[in-house]
Amino acid sequence: MVDTKNPGDKTLSVSPSKTLTLKPRVEQGTVRQSFSHGRTKQVVVEKRGKRRLGGDASPAEPAGAAEPASPRTSIAKAPPARTAPPAAPRASSGVVLRTLTEDERSARASALAEAKVRAEEERRLAEAEAARRNSKEGIEQAEREAAEARRKAEEERHRQEEEAKRKAELEAKRRFGETETKAAPAKTATTTRTTPPARPAAVAADGSDEDEAPRMVRRPGGGPARPVVAPKPAAKLGPQKQRGRLTVVTALNADDVRERSIASFRRRTQRLKGHAANETKEKLVREVIVPEAITIQELANRMAERAVDVIRMLMKQGAMHKITDVIDADTAQLIAEELGHTVKRVAASDVEEGLFDVVDDSTDTEPRSPVVTVMGHVDHGKTSLLDALRHANVVSGEAGGITQHIGAYQVASPDGKKITFIDTPGHAAFTAMRARGAKVTDIVILVVAADDGVMPQTIEAINHAKAAKVPMIIAINKIDKPDARPERVRTELLQHEVQVESMGGQVVDVEVSAKNRTNLDKLLEMISLQSDLLDLKTNASRPAEGTVIEAKLDRGRGPVATVLVQRGTLRIGDIIVAGAEMGRVRALISDQGETVDEAGPSVPVEVLGFNGPPEAGDRLAVVENEARARQVTSYRAHQKRENAAASASGMRGSLEQMMSQLKTAGRKDFPLVIKADVQGSLEAILGSLEKLGTEEVAARILHAGVGGISESDVTLAEGFNAAIIGFSVRANKEAAAAAKRNGIEIRYYNIIYDLVDDVKKAMSGLLAPTLRETMLGNAEILEVFNISKVGKVAGCRVTDGTVERGAHVRLIRDNVVVHEGKLSTLKRFKDEVKEVQSGQECGMAFENYHDMRVGDVIECYRVETIQRSL
């Protein structure tokens with residue numbers, strides 16, 4: 001049948017052999033859902049296709065073809081490319097379309113090839129996805145089967161328990177039913193029954209009544225059987241059980257017979273089940289970590305045992321303990337092994353494991369700058385040589401022109417590489433500083449004056465370098481002097497097993513002059529060559545490790561430590577540990593005074609952020625968190641206290657020690673309280689004073705610390721009638737007033753040998769006439785003016801006392817002595833005056849010093865020669 005009512009409409013033709021049908025747009029399927037305990041459920045899922053509008057499908061196609069095919073199917077069913085050019089198609093309007101050009105044909109061919117490649121790739125991905133899906137379905141199927149098996153086992157166990165319970169109840173009913181029948185009155189048996197007699201119940205093979213299962217009635221005609229509903233059981237004949245309380249009247253009633261209640265049956269069943277719960281369980285064996293000392297409660301917790309059992313075992317051994325008592329590791333190990341556990345012994349020092357000396361991966365290492373230590377005898381030109389290399393003037397900043405602090409600086413070599421220099425003092429008092437500098441160095445430069453030759457501290461520096469096993473470079477300094485004899489220096493070095501290259505040895509020697517800057521480039525070249533031979537490499541991305549070169553307590557910045565980073569990179573915010581002190585890095589300051597964000601290997605920096613000043617020579621490490629830092633510092637502080645207590649009580653031990661005590665029983669003590677600016681200077685002072693002690697008199701150090709003199713130091717000195725010594729530090733106003741009020745003498749020094757000499761004279765009682773200071777007054781700098789032809793002039797106000805022209809002055813900044821000298825100018829307005837009283841303003845200028853700042857304090861004093869006596 002063809003409908004041609006409208007010539008422009010599409011025709012609808014129906015084949016006589018096929019039935020015209022309309023496929024639904026909904027595809028149905030089932031999905032099985034899995035739940036816990038092996039339960040599953042089938043769910044019907046409908047998939048609705050998109051509705052096509054506009055007649056994209058041809059009339060001859062079935063209705064299902066109107067759905068959009070997937071890209072994979074459309075590409076797979078694409079017809080192969082034709083080799084011959086297609087004929088010119090003719091449009092319905094009779095217009096002939098143009099043929100395809102070569103470019104279009106090649107574009108279509110390439111598009112078809114790309115479509116084939118994409119189809120192949122999508123097919124491969126589909127196969128991989130199908131394989132993954134099959135694997136996942138297999139695993140899920142195995143899990144479902146396992147869950148089903150567990151569920152069946154659980155149901156079987158429940159069925160057996162219910163069967164046992166039902167049998168027990170039937171047996172109990174049977175027994176108590178006989179008793180009830182005997183106790184029932186005879187009239188119950190003769191009661192007229194109106195219902196037909198019940199059929200005896202057949203007992204199944206498993207002991208259950210057959211009537212309990214539902215009977216099936218077969219329908220005629222082969223229909224399905226339907227269950228017959230069992231009739232409700234008839235009411236039990238006979239007297240009903242009374243459910244009241246048991247009283248004397250009910251107990252004496254002969255007609256009432258007591259029966260066991262259902263609750264008693266339940267309790268009996270629970271008791272029977274409870275025996276199975278009391279079966280012995282398998283004991284869990286644990287690995288117990290036992291430290292050197294542990295409490296009984298902690299040991300029981302680690303073993304998962306009762307503390308009562310541990311105390312009982314200790315009582316069997318004859319020891320009575322409480323739960324909070326501490327036992328040693330041997331006893332704890334004995335108890336743990338007796339209870340069947342394994343023991344792992346650890347020491348308290350294990351908290352330090354992994355802090356240092358972790359081996360770096362060779363693939364992550366990179367070259368680093370060498371660390372060079374300048375060593376030698378006093379006044380041989382070590383600091384001057386370093387000044388010439390740095391183009392700085394450090395010598396003028398040191399008191400008396402001698403180095404008393406260990407310093408670290410970086411210098412650029414001619415080839416662009418950086419070299420880290422460590423300057424050490426040359427005096428005999430600073431042996432510990434030199435040893436510390438030799439430990440952290442890669443190369444030692446031994447400075448020997450050409451006019452002096454090898455001296456005692458030169459020999460000591462050679463021994464330090466040999467002990468540290470680092471190469472040496474001999475710098476023969478002061479060759480510009482007329483009496484310089486470099487060959488004499490080389491010959492004297494042979495006596496100490498140091499053979500230079502010019503005499504057939506392996507040690508490099510360079511003749512230099514720090515004053516005239518001669519051969520400095522050659523010295524730097526030798527350092528670079530030696531560092532290349534050492535092949536210095538490290539991992540810069542690991543946590544930082546370093547050594548504290550110097551430490552001090554700054555009033556404005558708090559504890560400050562000069563650290564030489566040896567491995568890794570130190571960054572702001574790192575949690576650090578050095579000795580018994582910890583902290584978080586707040587700021588890093590380079591040797592040029594600039595604030596930096598990080599410091600790499602071989603870079604010296606000042607670290608701010610410690611809780612307290614660490615000791616010079618302590619190793620610094622970065623830890624992962626504050627808990628680890630507290631563990632390490634608490635352990636080290638405990639060790640420090642134990643060592644101090646052992647040294648204090650060590651004189652009471654053996655008979656030999658008691659005899660030495662008797663020898664020194666009449667020795668007089670010279671009590672001292674010492675405060676210094678940095679840890680290294682304090683260490684050198686204590687070592688020098690310890691050497692002064694004899695059998696008759698010795699210095700007794702009551703307290704030694706870093707920082708300014710405080711009121712607590714004055715109180716301590718007052719209790720022992722001791723003297724207070726300040727090395728390059730000052731007492732604050734309260735401490736100075738307290739010392740003056742209580743008659744405590746405070747002596748200030750900035751050269752260590754003056755301090756040692758004065759203490760030695762005081763101890764020996766042979767004090768020669770010495771210089772004493774008479775305080776004149778103090779002044780505070782309000783403003784600093786820069787005047788041509790004069791320099792910097794400080795505008796000051798005299799706070800107390802008087803200030804005299806020509807008197808000695810001391811510039812104090814943050815209770816630390818910055819400069820000592822004389823007043824060159826003292827003016828009141830524009831007139832030169834002899835003195836200025838308290839409360840007046842004046843202008844001051846120093847001789848050869850211009851680094852004055854607002855807020856500094858100028859202390860004016862007169863030096864007098866007086867005769868001291870004991």
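**Cysteines and charged pairs**

Guide: Cysteine 860 is buried, with a relative accessible area of 1%; buried means under 20%, exposed over 50% and partly exposed in between (1.4 Å probe, protein chains only). This is a predicted model, in which local features need pLDDT of at least 70 and side-chain atom pairs count only at pLDDT 80 or more, while totals for chains, interfaces and linings use all residues. Residues are numbered from 1 along each chain as its sequence is written, and side-chain values use heavy atoms, with hydrogens and water left out.

Visitor: How many disulfides does the structure hold, then?
Guide: The structure holds 0 disulfides. Cysteine 842 is in none, and its nearest cysteine sulfur, that of cysteine 796, is 5.4 Å away. Cysteine 842 is buried too, at a relative accessible area of 7%.

Visitor: Changing topic: how many salt bridges are found in the whole structure?
Guide: The search finds 50 salt bridges, each being a side-chain nitrogen of Lys or Arg within 4 Å of a carboxyl oxygen of Asp or Glu. One of them joins glutamate 127 to arginine 123, with the closest N and O atoms 2.4 Å apart.

Visitor: Where do those two residues sit?
Guide: Both belong to helix H2 (residues 102-183), where being 4 residues apart separates glutamate 127 and arginine 123 by about one helical turn. Helices are DSSP runs of H or I with at least four residues, strands are runs of E with at least two, and both are numbered from the N terminus. Glutamate 127 is partly exposed at 46% relative accessibility, and arginine 123 is partly exposed at 37%.

Visitor: Which residue does arginine 797 pair with?
Guide: Arginine 797 forms a salt bridge with glutamate 841, the closest N and O atoms being 3.2 Å apart. Arginine 797 lies in strand E31 (residues 791-801) and glutamate 841 in strand E37 (residues 841-846), so the pair ties together parts that are 44 residues apart in sequence.

Visitor: And which ring does arginine 730 lie over?
Guide: Arginine 730 lies over the face of tyrosine 748, at 3.4 Å from the ring centre; the rule asks for NZ of Lys or CZ of Arg within 6 Å of the ring centre and within 35 degrees of the ring normal. Arg730 is also linked with Glu773, Arg810, Glu820 and Glu859 in a network of salt bridges.

Definitions and conventions: Disulfide = S-S within 2.5 Å.
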